Amino acid sequence: MAQDNTQVTGQKEALIRVDHLEKHFGDHVVLQDISVEIDRGDVVCVIGPSGSGKSTFLRCLNRLEEPTGGHIYMDGIDICDPTTDIDRHRQKMGMVFQQFNLFPHMTIMRNLTLAPMKLQNVSQREAEAYATELLERVGLADRRDAYPGELSGGQQQRIAIVRALCMKPEVMLFDEPTSALDPEMVGEVLSVMKDLAAEKMTMVVVTHEMGFAREVANRVMFLDGGDFVEEGAPAEFFAHPKSERLKNFLGKVL
Amino acid sequence: MWQQFRSDLYLNFVKDDRWQYLTNGLKVTLIVTLFAALMGIILGFFVAIVRSTCENTGRLKILNAICNLYLTVIRGTPVVVQLMIIYFVIFASVRIDKTFTAIIAFGINSGAYQAEIFRSGIQSVPRGQFEAGRSLGFNYAQTMLHIIMPQALRVCVPTLCNEYITLLKETSVAGYIALEDLTKGGDIIRSRTYSAFMPLIAVALIYLIMVLVLTRLVSLLERRLARGTR
């Protein structure tokens, strides 16, 4: 079902192409020279020790963090270009945060329909119908009139995923989506993400869940100290890590 | 003694319809407070938006500097002095309505305090809320309008209301420009009857009753808002 976005060369353009991305805060280099392509349908898990720049990398993809060098192309358009309408591109890039960040002053339904109604001119009926459909899929249709504060962490995160999906994004960015959850709630969130991957949603997931990476991702990226060290298909990646740094890291977490 | 009390009462409030000094004064006090509060809301809101925007995005630097100067000067000088400067210096050559002058002076003054209340409300909203809004595709202004402001206002409404209560009491210095507000009204009675007790206590009681009523309303509102957030 992948739409063809052909370049002049006739070569298929990746959905997201990161080109020599750099990010530093003052003298502190967080990311250096990262180049990677993400195709439609890819499920990329980004792993690495804390402080390695994984989250910064993810947040650069929708410019929540402003890159200090390099380019990021989405559908061939440079989203780091100041003249690019970043708000329009963000509509195509759903984001899920560690802390859920649901809007506490709105009901679940309002959380889900606000952006589609205000930004995509979707009618309330249409927006609610689609939101209800997605809510049913994550098993939370009965909580539509609740407020976020009344839900458990796992439920809030599933709602946060649905909120991003309501914008019908082309890619979903997950920033450690299960790190703030109690252990017994991790499963329900991962299972929603698994379903999403099965539906061929393009996903970039910063995570510590090695099991999820192994099982669901088709590519695993390892970042360490702002360097993009190694990448591979999960089976190969976990069984035969090439670099010392990755071996070291896997030795600690597995 | 009862006789004495009754004749005092008669002298201070009934004779020559002196009670009208108090009712007319009360009217002026309420008008000045109401419109100064409204002017302060507009000013304060504007200043808070400028300051927060500058803090968050680094834009509006010049406007921000002007706002900071305004806050420093207004919060660093007594309101009576500001009132007199506006009446005797700025509006010196134009004979302008005193009530209007007082509204301007107290409005400008209250705006500075309200600005800081609004701003702390905006800052109390977690950064993640802002990022969530932006990540959905809302621009800066839309994120402020739909996501940050409703939460910020909920936080600062009780504090704002207390600011209005303070403002009500602060307007009592309006007599410095010979505006006949409630306090001045009581003072005029005192100067006519040469008895200070009755008129001043009456003035104090009227302020106290108004403040008690308003405080009660604020706490009701506070409870109402708390229910909304759950």
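A crossing of two helices is left-handed if the near helix is turned anticlockwise from the far one by less than a right angle, and right-handed if clockwise. I set this down before looking up any helix pair.

**Entry 1: the model.** I note that this is a predicted model, in which local features need pLDDT of at least 70 and side-chain atom pairs count only at pLDDT 80 or more, while totals for chains, interfaces and linings use all residues. Residues are numbered from 1 along each chain as its sequence is written, chains are lettered from A and ligands numbered from 1 in the order in which they are written, and side-chain values use heavy atoms, with hydrogens and water left out.

**Entry 2: α3 and α4 of chain A.** Helices and strands are DSSP runs numbered from the N terminus (helices H or I, at least four residues; strands E, at least two). I looked up helix α3 (residues 108-119) of chain A and found that its axis lies 9 Å from that of helix α4 (residues 124-137) of chain A, at an angle of about 125 degrees. Axes are lines fitted to C-alpha atoms, for helices over the stretch in contact, and angles run from 0 to 180 degrees between N-to-C directions. The angle therefore makes α3(A) oblique to α4(A) (under 35 degrees counts as roughly parallel, over 145 as roughly antiparallel, 65 to 115 as roughly perpendicular and the rest as oblique). The crossing of α3(A) and α4(A) is right-handed. Among the residues in contact (heavy atoms within 4.5 Å) I list I108(A), L112(A) and M117(A) from α3(A), and A127(A), A131(A) and L135(A) from α4(A). The contact of α3(A) with α4(A) comprises seven nonpolar, three polar and one charged residue. Here Ala, Val, Leu, Ile, Met, Phe, Trp, Tyr, Cys and Pro count as nonpolar, Asp, Glu, Lys and Arg as charged, and the others, Gly among them, as polar.

**Entry 3: α2 and α8 of chain B.** I found helix α2 (residues 19-57) of chain B packed at about 155 degrees to helix α8 (residues 182-193) of chain B, with axes 7 Å apart. The two helices α2(B) and α8(B) are therefore roughly antiparallel. Their crossing is right-handed.

**Entry 4: between the chains.** I recorded 24 residues of chain A and 19 of chain B in the contact. About 1900 Å² is buried between the chains, 60% of it from carbon and sulfur atoms (accessible area, 1.4 Å probe, that two parts lose on being put together, summed over both). Two salt bridges are counted between chain B and chain A (a side-chain nitrogen of Lys or Arg within 4 Å of a carboxyl oxygen of Asp or Glu). R59(A) pairs in a salt bridge with E131(B), with closest N and O atoms 2.6 Å apart.

**Entry 5: within chain A.** I also noted a salt bridge of D227(A) with R245(A), at 3.2 Å between the closest N and O atoms. D227(A) lies in strand β10 (residues 227-232) and R245(A) in helix α9 (residues 244-253), 18 residues apart.
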